[in-house]
Amino acid sequence: MSTVPIALRFSHVSFSYDTLAVLEDVNFHIHEGEFSALVGPNGSGKTTLLKLILGLEQSQKGEVRLFGDQPKKNKSMIGYVPQHITYDPTFPISVLEVVRMGGVLSTSRRSRASRDKAALQALEQVEMGELAQRPYSELSGGQRRRVLVARALVAGPKMLILDEPTANMDAESEKRLFDTLRLFKGKTTILIVTHDMSTVSSLTDRVFCIGAQKPGQKGRTVVQHSLEPMDNAPAELYGGEAKRVLHDVELPADYCTFDGGANNG
Amino acid sequence: MDNLLGFFSALVNPDFPFVRNALVAGLLSSILFGVIGAVVTVKRIAGLAGAISHAVLGGIGIALYLSATGKVAGITPMMGAIVFAILAAAIIGVVSLKAKQREDTVIQAIWAIGMSIGVLFMAKTPGYTDPSSYLFGNILLISTKDLVLLFILDVVVILLAWRFYPQIEATSFDEEFAQVRGIPTQRVFLLMLSITAVAVVLLQTFVGIVMVIAMLTLPAGTAGYWAKNLASMMALGTIFSAIFSFGGLAAGWMLDVPVGAMVVVIAGGAFLGTAATRMLVTYSRRRTLHNDKS
């Protein structure tokens with residue numbers, strides 16, 4: 001087992017909406033600094049699992065631990081990049097203001113100057129500093145996604161969670177997004193949630209698949225699958241190098257050999 | 001021209017305090033319309049505000065009936081309005097947060113039932129009560145005490161908007177992200193709804209239900225075409241609202257027509273005119289781009 005501290009752990013977690021069992025006996029963990037992918041088809045329970053991590057829902061059975069405590073208490077350590085599909089293009093807001101939102105506190109107010117400085121730094125990190133004053137609605141889909149990454153980075157998170165980061169994105173934008181994420185690999189725990197079941201970015205250390213049902217259970221569970229590099233994967237199709245998910249090679253969900261990134265990169 | 005001069009001389013004439021009061025009321029309510037209107041517009045809860053403002057008529061009708069029949073002495077239409085506004089806001093708030101599926105049905109039901117209760121009770125109220133006087137109000141009947149109430153609400157709303165601006169902006173732009181950041185989004189939403197309800201009650205007794213809902217949406221909507229952010233939308237909405245109120249008051253005076261209806265027509269004209277101009281500009285830009293490419 002790895003000696004690297006654990007960032008996120010699910011232990012025998014079950015969750016249901018009223019009588020509808022969504023997740024049942026989910027066990028897996030992610031180490032600090034690890035780059036993981038959580039893949040599963042639509043309706044498999046990805047969103048529910050994400051809500052449990054973000055502390056927006058509570059499990060009825062089992063335990064979720066985020067950096068050693070309840071997600072509700074530690075969710076401020078998460079930099080969350082949502083899909084934001086219900087985004088209103090008529091909302092008047094600049095790129096800088098969207099990013100500044102990443103440092104917003106629950107009820108108190110901070111000085112605007114300090115928030116502006118942090119927001120500009122985060123925008124530079126995703127190479128979008130020159131677009132700070134632009135209206136957010138004028139950006140392309142790919143640019144908007146990187147602005148949301150910058151927004152997640154503002155508060156200096158220990159873990160980045162990206163929900164379907166490459167949905168409706170062209171290969172060039174996808175490559176730029178993963179180039180940005182590469183900078184944080186090993187330093188920040190990164191979890192990507194996606195419905196793309198076959199391939200993941202080559203940055204990925206471990207892949208967890210959601211959707212399988214154990215015999216006699218109604219809810220879905222999470223299993224870990226093996227990954228192999230795809231030598232012949234066209235980079236323009238996968239936004240850079242890719243790894244193939246081996247769905248027929250199942251690893252125990254808690255199995256890991258993560259060494260803090262010494263053999264990855 | 002003589003009419004316009006007449007309006008200005010009425011404004012400074014000490015014998016006509018109601019004209020000056022109406023102007024001050026218009027300016028003071030512009031702050032509420034601009035700030036709350038911007039939030040209502042970006043949060044897309046104009047339907048909710050509409051339902052609350054119309055449901056208030058039920059409370060007014062019951063209060064008029066109880067007072068005129070002597071069943072409850074001293075009850076004023078505003079008291080009835082407050083009770084109904086709180087009831088409507090509570091029901092709508094709970095339904096919006098808990099049962100998303102039937103939200104629109106419940107909102108329309110509250111809208112229609114509230115108004116109908118008002119009409120029924122007014123019909124049974126001794127003497128003649130005209131429901132339309134509550135729909136359009138009469139800004140010329142405003143008293144100095146009412147102006148003080150308006151001023152207090154202005155101060156409260158400006159303070160709340162300034163203090164919680166980052167939270168209001170985040171909740172309106174991306175509610176899920178705001179929740180992850182620990183913002184109590186449900187409480188922020190209920191606070192927005194309550195403030196809207198209180199403002200609606202106060203404003204509708206002065207300017208009428210139709211004008212309240214029109215002015216909560218039209219100046220902010222017009223400002224939305226120019227504003228760079230939520231704060232400038234609030235500021236521009238306030239300026240537009242003040243211009244529309246002043247224009248409506250002047251035109252109402254000069255043409256001898258109801259001021260409330262005049263303000264709504266001016267605000268509506270400005271909004272539709274801006275929207276049409278924007279559509280034409282976008283269309284012609286797209287055509288130019290298309291022609292350049294082909």
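Author: A salt bridge is a side-chain nitrogen of Lys or Arg within 4 Å of a carboxyl oxygen of Asp or Glu. The structure discussed here is a predicted model.

Reader: Why is the pair A:Lys175 and A:Asp179 called a salt bridge?

Author: The side chains of A:Lys175 and A:Asp179 meet at 3.0 Å, N to O. The cut-off is 4 Å, and therefore the pair qualifies as a salt bridge. Side chains of opposite charge can pair when their charged atoms come close.

Reader: What separates A:Lys175 and A:Asp179 along helix α6 of chain A?

Author: About one helical turn separates them, because they stand 4 residues apart in helix α6 (residues 171-184) of chain A.

Reader: What makes A:Arg206 and A:Glu34 a salt bridge, and which parts of the chain does the pair link?

Author: The N to O distance is 2.7 Å, which lies within the 4 Å cut-off, so the pair is a salt bridge. The pair links distant parts of the chain, 172 residues apart: A:Arg206 is in strand β9 (residues 206-212) of chain A, and A:Glu34 is in the loop between β2 (20-31) and β3 (35-39) of chain A.

Reader: How do you know whether A:Arg206 and A:Glu34 are buried or exposed?

Author: The relative accessibility of A:Arg206 is 6%, under the 20% limit, so A:Arg206 is buried. The value for A:Glu34 is 0%, and A:Glu34 is therefore buried too.

Reader: What does the salt bridge between A:Asp205 and A:Lys185 tie together?

Author: The side chains meet at 2.9 Å, N to O. A:Asp205 lies in the loop between β8 (199-201) and β9 of chain A, and A:Lys185 in the loop between α6 and β7 (189-194) of chain A, so the pair ties together parts that are 20 residues apart in sequence. A:Asp205 is buried, at 15% relative accessible area, and A:Lys185 is buried, at 15% relative accessibility.

Reader: How many salt bridges are there over all chains?

Author: The count over all chains is 10. Among the residues involved, A:Glu97, A:Arg100 and A:Asp116 are linked in a network of salt bridges.

Reader: How many salt bridges cross the interface of chain A and chain B?

Author: The rule finds 2 across that interface. A:Arg151 forms a salt bridge with B:Asp174. Their closest N and O atoms are 2.8 Å apart, within the 4 Å cut-off, and the pair therefore qualifies.

Reader: What makes β3(A) a mostly covered strand?

Author: Of its 5 residues, 5 are buried. A:Phe35, A:Ala37 and A:Val39 point one way from β3(A), while A:Ser36 and A:Leu38 point the other way. In a regular strand the side chains alternate between the two faces of the sheet.

Reader: Which strands pair with β3(A)?

Author: β3(A) pairs in the parallel sense with β7(A) over 5 bridges, and A:Phe35 stands opposite A:Ile190 in β7(A). β3(A) also pairs in the parallel sense with β9(A), over 4 bridges, where A:Ala37 stands opposite A:Val207.

Reader: Why is A:Leu162 called buried?

Author: Its relative accessible area is 0%, under the limit of 20%, so A:Leu162 is buried. A:Leu162 is placed in strand β6 (residues 159-163) of chain A. Among the residues that A:Leu162 touches are A:Val81, A:Val149, A:Leu181 and A:Val193. A:Leu162 and A:Val193 are 31 residues apart in sequence and 6.1 Å apart in space, C-alpha to C-alpha.

Technical notes: Residues are numbered from 1 along each chain as its sequence is written. Chains are lettered from A and ligands numbered from 1 in the order in which they are written. This is a predicted model: local features need pLDDT of at least 70, side-chain atom pairs count only at pLDDT 80 or more; totals for chains, interfaces and linings use all residues. Side-chain values use heavy atoms; hydrogens and water are left out. Helices (H or I, at least four residues) and strands (E, at least two) are DSSP runs, numbered from the N terminus. Buried means under 20% relative accessible area, exposed over 50%, partly exposed in between (1.4 Å probe, protein chains only). Two strands pair if DSSP finds at least two bridges between them. Contact means heavy atoms within 4.5 Å. Lists of a residue's contacts leave out its neighbours within four places in sequence.
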